[in-house]
Amino acid sequence: MPASTSVKLNTGAEMPTVGLGTWKSKPGQVEKAVEHALKSGYKSIDTAAAYANEAEVGEGIKASGVPRESFFLTTKLDNMDHKRVADALEDSLRKLGTEYLDLWLMHWPAPMNDDLTAADKTIDWIDTWKTMSKLYKENPQKLRAIGVSNVSIPFMERLLSEAGEVIPAVNQVEHHPSCYQPELLEFCKSKGIVITAYSPLGSDNSPLLTNPIVVKISEKHGVAPANVLVSLQANTPNVTVLPNQLKIIDLASEEIEELNSIDKTAHFRACEPNWTFWGDLGFADAAK
């Protein structure tokens, strides 16, 4: 199956399939990474207020000299900012040094207090989505699309039934062979929602990098195991991916099936939803 180069959002916009993810990219390093990525041909950059590197990402964008309209920029609303949505948007635009975002995501459907030590039960995340939707409709010059992240099927069903006037363009979730989630992928596709896969390698020093199936396929194609894991997402319809490398290969359908079968015997999550103090957030595999 040939890897895609872009995916069409429900807004009509094209989102590049491969984007540079900046989670765990520290200030002092991320500027150069973003500058190099844009100069090297990346067409999508993903950051978040929670990563505490938006200003540095903005510096890298400026240093690259690449025209703003030539790449896709995503950032995310932090959990502590559900009570100040409009101000948080302005903060992100200012730090990134941009007049608009191609995509703004709610990072987690989990409002939290200012120091992220407890859930803020005074706020319903559905109300946050309604506020984001209002800003989107009233400020097309600032927001080209909005979406969510870490939203399970039960939570998405609630959003669509209670606040679905604006359907999320994207749901960014952990997705790799040990966290396959085919039901979530199919559900989102049926609703016109694109999936963006974060942590496509699984984690730092991921066991997937030495998994026999991954290694076998990487040796067959003459690439590193990481390239196979990233390419799996790019070879999956309606999915975009956030790697730290650009080389993508085409995978045969039987190779994709074999990779996705890993989840049956070696399931894990790199990022458990329970850290938000809101429980499993509807993800059955994370239920304690």
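Arg84 is partly exposed, at a relative accessible area of 28%. This is a predicted model, so please take what follows as computed from that model. Arg84 makes a salt bridge with Asp91, and the closest N and O atoms are 2.7 Å apart. Asp91 is also on the list of partly exposed residues, with a relative accessible area of 23%. Buried would need a value under 20%, so Asp91 at 23% does not count as buried.

The pair does not stand alone. Asp81, Arg84, Asp91 and Arg94 are linked in a network of salt bridges. As a reminder, side chains of opposite charge can pair when their charged atoms come close.

Next, Glu90. Which residue does Glu90 form a salt bridge with? The partner is Lys142, and the closest N and O atoms are 2.6 Å apart. Glu90 is partly exposed, with a relative accessible area of 36%.

Arg158 and Glu162 both belong to helix 5, four residues apart, which is about one turn of the helix. Their side chains meet in a salt bridge, at 3.0 Å from N to O. Arg158 has 27% relative accessibility and counts as partly exposed. Glu162 counts as partly exposed too, at 44%.

Now to the strands. Is strand 8 mostly covered or mostly open? Strand 8, residues 170-174, is mostly covered, and five of its five residues are buried.

On one side of the pairing list is strand 7, residues 146-149, which pairs with strand 8 in the parallel sense over two bridges. In that pairing, Val148 stands opposite Asn171 of strand 8. The chain gets from strand 7 to strand 8 through helix 5, residues 153-163, and this β-α-β crossover is right-handed. Helix 5 is the helix that holds Arg158 and Glu162.

Strand 8 also runs parallel to strand 9, residues 194-198, and five bridges join the two. Here Val173 stands opposite Ala197 in strand 9.

Terms used. Residues are numbered from 1 along each chain as its sequence is written. This is a predicted model: local features need pLDDT of at least 70, side-chain atom pairs count only at pLDDT 80 or more; totals for chains, interfaces and linings use all residues. Side-chain values use heavy atoms; hydrogens and water are left out. Buried means under 20% relative accessible area, exposed over 50%, partly exposed in between (1.4 Å probe, protein chains only). Two strands pair if DSSP finds at least two bridges between them. A crossover is right-handed if, with the strands pointing away from the viewer, the path from the first strand over the helix to the second runs clockwise. A salt bridge is a side-chain nitrogen of Lys or Arg within 4 Å of a carboxyl oxygen of Asp or Glu.
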